[in-house]
Structure formats: C-alpha cells, structure tokens
Amino acid sequence: MPKQIPVYLFVGQLESGKTKFIQETMEDPNFDSGDKTLLLVCEEGEIEYDPSKFAFGGVHVAQIEDKSELTAENLTALEKKSGCGRVIIEYNGMWMLDSLYGSLPENWAVAQEFLFCDATTFVSYNANMRQLTVDKLKSAELVVLNRYNDNMDRMEMHRIIRAISRRCDIAYEYTD
C-alpha cells in the first residue's frame with residue numbers, strides 16, 4: 001500500500017489571505033518536517049509565492065489552471081514527480097470542495113482544512129454566494145476572518161459560521 005500523504009487544505013475567497021499565510025508558514029523553519037512538499041496552487045491572486053524565501057528546500061510548486069486537472073491520476077503523477085511526503089493545496093474559492101475530495105488519490109488524507117475570509121466582505125459574500133460559503137465552512141477546522149476591525153459586527157459573522165459549523169475554531173485577525 002502506498003505511503004499515506006497528509007494534505008493541508010487552504011480554502012476561501014480570492015484575496016482572503018491564503019497565499020500570504022502559506023508563504024509565511026513556508027518561511028518558518030519550524031514547519032520543516034523533513035518531507036518534500038508539493039504545493040498545489042489552484043488560483044492566481046495578487047500575491048505570488050517566493051520559493052527563495054522558503055525556510056527549507058524540497059518544495060515543488062504546481063499550478064492547477066482548471067478543475068478538470070484535478071484527477072487522481074494527475075495528482076498521483078504530481079506526487080511521484082515531486083517525491084512529496086506532504087501536500088499543501090491553495091484551493092480556488094469558486095470551486096466546490098466535493099470536486100477536490102472526489103479526486104484525491106486514495107493515499108492522500110486531508111489532515112487539516114483552513115478557511116480564510118476577508119472580514120470586510122464576508123457577510124455580503126455569504127448573502128450573495130451562500131452555497132460557496134456553506135461548501136467551505138462545512139468541513140473547515142479553523143476559520144480566519146482577515147482584515148477585521150472593531151467597527152464590524154462580530155456576532156453576525158459568528159452566527160453565520162455557527163449556523164453551518166459548530167466544530168470549527170474562529171480567529172479574527174486585525175488588519176495590522
């Protein structure tokens with residue numbers, strides 16, 4: 001049986017802080033597990049990755065341009081090419097998670113799932129694209145509301161999240 005590969009899944013809206021968080025995590029030497037890492041990027045945001053700043057080597061960055069590329073065969077080929085022992089996925093917020101979960105190779109197991117949201121747009125995003133909000137919240141272990149400030153209605157955001165998931169942690173990140 002092939003080796004189990006842990007998958008760290010970062011989901012959320014475009015411009016919600018996923019890339020920045022992943023970049024900063026990869027710059028932290030404490031995140032070096034000794035395993036090679038496959039970083040799958042499923043959307044292009046304003047910020048690009050800078051692998052020269054990663055605290056460790058062995059990171060293979062692969063761009064997924066279209067969700068049709070998310071097949072078990074393609075992902076297994078990327079696993080073999082990279083020789084990875086773990087996978088980090090920055091997932092496109094407009095794609096449904098079931099597409100990804102149904103495409104993961106059998107030996108890939110989601111270890112953690114993080115949802116990033118821009119607090120300035122979260123309530124309206126939920127009102128206008130409820131299906132996408134529910135899709136991302138239903139399995140998230142941590143919801144990070146970036147760009148939060150004390151003038152925002154924290155309880156409204158909290159109620160939206162808790163109506164969908166009672167098990168996830170919620171972090172409010174201030175702009176600074």
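## Charged pairs and buried contacts in a predicted model

Glu 48 sits in the loop that runs between strand E2 (37–41) and strand E3 (59–63), where helices (H or I, at least four residues) and strands (E, at least two) are DSSP runs numbered from the N terminus. This is a predicted model, in which local features need pLDDT of at least 70 and side-chain atom pairs count only at pLDDT 80 or more, while totals for chains, interfaces and linings use all residues. Residues are numbered from 1 along each chain as its sequence is written, and side-chain values use heavy atoms, with hydrogens and water left out.

With a relative accessibility of 60%, Glu 48 counts as exposed; the word exposed stands for over 50% relative accessible area, buried for under 20%, and partly exposed for what lies in between (1.4 Å probe, protein chains only). The areas themselves come from the Shrake-Rupley method with a 1.4 Å probe, and for residues only the protein chains shown count as cover. On the surface, Glu 48 gathers with Glu 44, Glu 65 and Asp 66 in a patch of negative charge. Patches are made of residues with over 30% relative accessible area and no salt bridge, like charges being joined within 9 Å and nonpolar side chains (Val, Leu, Ile, Met, Phe, Trp, Tyr) within 5 Å.

### Salt bridges

The structure holds seven salt bridges, each being a side-chain nitrogen of Lys or Arg within 4 Å of a carboxyl oxygen of Asp or Glu. Among them are the pairs tabulated here.

| Pair | Closest N and O atoms |
|---|---|
| Asp 35 and Lys 3 | 3.8 Å |
| Lys 20 and Glu 24 | 3.9 Å |

The salt bridge between Asp 35 and Lys 3 links distant parts of the chain, since Asp 35 is in the loop between helix H1 (18–26) and E2, whereas Lys 3 is in the segment before strand E1 (5–12), 32 residues apart. Asp 35 is partly exposed, at 29% relative accessibility.

Lys 20 and Glu 24 are both in helix H1, and because they are four residues apart there, about one helical turn separates them. Lys 20 is partly exposed, with a relative accessible area of 48%, and Glu 24 is also classed as partly exposed, at 44%.

Asp 118 counts as buried at 11% relative accessibility, whereas Arg 147 is partly exposed at 31%. Elsewhere, salt bridges link Asp 98, Asp 135, Lys 136 and Lys 138 in a network.

### Positive phi values

Arg 147 also has a phi near 60 degrees, which is a positive value in a residue other than glycine. Glu 15 likewise has a positive phi, near 65 degrees, and is a residue other than glycine. Glu 15 is located in the loop between E1 and H1, and at 36% relative accessibility Glu 15 counts as partly exposed.

### Buried residues and their contacts

Which residues does Phe 114 touch, not counting residues up to four places away in sequence? They are Leu 9, Phe 10, Val 11 and Leu 142, where contact means heavy atoms within 4.5 Å. Phe 114 lies in strand E5 and is buried, with a relative accessible area of 13%. From C-alpha to C-alpha, Phe 114 and Thr 25 are 13 Å apart in space, although 89 residues apart in sequence.

Thr 133 belongs to helix H5 (residues 130–137), and its relative accessible area of 4% makes Thr 133 a buried residue. Once its neighbours within four places in sequence are left aside, Thr 133 is in contact with Phe 122, Tyr 125, Asn 126 and Ile 164. One of these partners, Asn 126, has its place in helix H4 (residues 122–128) and counts as buried at 9% relative accessibility. Residues up to four places away in sequence again not being counted, Asn 126 touches Thr 133 and Ile 160.

How values were computed: Lys and Arg count as positive and Asp and Glu as negative; His and the chain ends are not counted. The place of a charge is taken as NZ of Lys, CZ of Arg, CG of Asp or CD of Glu.
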